[in-house]
Amino acid sequence: MNLAEISSDIPLFANDTIIFGILAVTLALIFYSSSLPRFSKFYSIVPALLLCYFIPSILSSVGLIADKWIDVSATIKHLQSLYGNLDGVSNLHTLKEYAMANNINPSEYSQFVGGSKLYYVSSRFLLPASLVLLTMSIDLKGVFKLGSKALIMFLTATVGVMIGGPLAILFFKFVAPDILVSVEGTELWKGLSTVAGSWIGGGANQLAMKEQWEVGDSLFSIMAVVDVLVAEVWMIFLLLGVAKSDKIDNYFKADNSSITTLKNKMEKFSLETARVPSFNDFMILLGIGFGVTAIGHIVGDNLSVWVKENAPLLVDFGLGSSFFWLIIVATTLGVLLSFTKVKSYEGAGASKIGTVFIYILVAAIGMKMNLNAIIENISLFAIGFVWMIIHVGLLFIVAKIIKAPYFFLAVGSKANIGGAASAPVVAGAFHPSLAPVGVLLAVLGYALGTYAAFACALMMKWVS
């Protein structure tokens, strides 16, 4: 792991068992306080989901927990023993500068690097299980009745990312040209192309841009930080908008009746099948969720390798990613189960368990956002934020023109910028039954990602 990816010294709590306990207690306190009358006004403004995301990021920023870290003092002592005096190197920032200036190989300090596995566990185990539990009672006809505006807003989000990069470069070319310098000897637009790949498709598309434009590991690591933090800051505003979605819909003059109908139908089904869940119900639900997740991993691990070896052209569509197939299998089998008697387990709390898994994922995502990293790379973040503003501005303009509900704007954006890990979270913030809509749109992002990012990269090259 490159130092540029790390924004934290070794945290106070580096044990995943303790970190998970802290996140679980944080979630418990948020939902307990949200049920108290004295906090009702506060939670009418700030959604509980936002706090589940933002509080872990604060805990990470102040050094209590961390997603990735390095033991700074131990690393400095080790490098001193190898290279002699390290005058002026006393903290993470100066250590990064020293390592970059002297081209220190990551293998020379890798033994001092650590990280939490909670995001991996949440995204690879809990996310697919939650998708199964949320989709096995889905009203597929109701989802299709949401209409074409969902697709239009998704494609608008894609175009917003494609033109946002070149326009951001043009903006700083006139406002602050000093920002647009080569980083690590590589032209800046090449590094930004990896951000475009991630924001339109996902990790596989991001890596495709890295290989296409021969982006160095150090610059790639810096851009990965820009990618994550700018996207997560936007997610904060998206979640704030959930609490104000009715007012935003009124501003857009949007008809959200199809969304309301779907929500009401799912709530009615939950009430009609509701029962006091038994121990057997819980064990069966966990067996269904994690059993399908296991099938998804088996298919994903093998099919992704087969695609890379036998159909390399399909890799550009994201089909070489095991995570892509994991999400596809989980969602597909969940939908198929919705046509069976298994659907009745919604009454035993299937969607509630799925929602618990989603909130654990949200907390794990929040832990990845260390606000200190913004200060360290402020000029690159400035480009990222202008890029995001263009993306958001285009979404609002199109939503106003076609009178699209805020739900389509939010989910269309996160299906691009965040993909299958974040889009269901935002969709589920409106109602758990809507989470699959986010997944379906995110899958389109995987297919478009490499080609749209390539076009974006060429435009950034032309304007640089």
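These legends cover close-up views of a predicted model.

**View 1. Packing of helix H19 against helix H20.** Helix H19 (residues 406-416) and helix H20 (residues 423-430) pack at an angle of about 165°, and their axes lie 8 Å apart. H19 is therefore roughly antiparallel to H20 (angles over 145 degrees count as such). The crossing of the two helices is right-handed.

**View 2. Residues between H19 and H20.** On the H19 side, Tyr-406, Phe-407, Ala-410, Val-411, Lys-414 and Ala-415 meet Ala-423, Val-426, Ala-427 and Phe-430 of H20 (contact means heavy atoms within 4.5 Å). Nine of the residues in this contact are nonpolar, none is polar and one is charged.

View 3. Ser-116 sits in the loop between strand S2 (113-115) and helix H6 (118-135). Ser-116 counts as buried because its relative accessibility is 11% (buried means under 20% relative accessible area, with a 1.4 Å probe and protein chains only). Apart from neighbours within four places in sequence, Ser-116 is in contact with Asp-16, Ile-19, Ala-66, Asp-67, Trp-69 and Met-367.

**View 4. Polar contacts of Ser-116.** The side chains of Ser-116 and Asp-16 are joined by a polar contact of 2.6 Å (a pair of N or O atoms within 3.5 Å, of which, within protein, one must be able to donate a hydrogen and the other to accept it). At 3.1 Å, the side chain of Ser-116 also reaches the backbone nitrogen of Leu-118.

**Notes.** Residues are numbered from 1 along each chain as its sequence is written, and side-chain values use heavy atoms, without hydrogens and water. Local features need pLDDT of at least 70, side-chain atom pairs count only at pLDDT 80 or more, and totals for chains, interfaces and linings use all residues.

Conventions. Axes are lines fitted to C-alpha atoms, for helices over the stretch in contact, and angles run from 0 to 180 degrees between N-to-C directions. Helices (H or I, at least four residues) and strands (E, at least two) are DSSP runs, numbered from the N terminus. Angles under 35 degrees count as roughly parallel, over 145 as roughly antiparallel, 65 to 115 as roughly perpendicular and the rest as oblique. A crossing is left-handed if the near helix is turned anticlockwise from the far one by less than a right angle, and right-handed if clockwise. Ala, Val, Leu, Ile, Met, Phe, Trp, Tyr, Cys and Pro count as nonpolar, Asp, Glu, Lys and Arg as charged, and the others, Gly among them, as polar. Buried means under 20% relative accessible area, exposed over 50%, partly exposed in between (1.4 Å probe, protein chains only).
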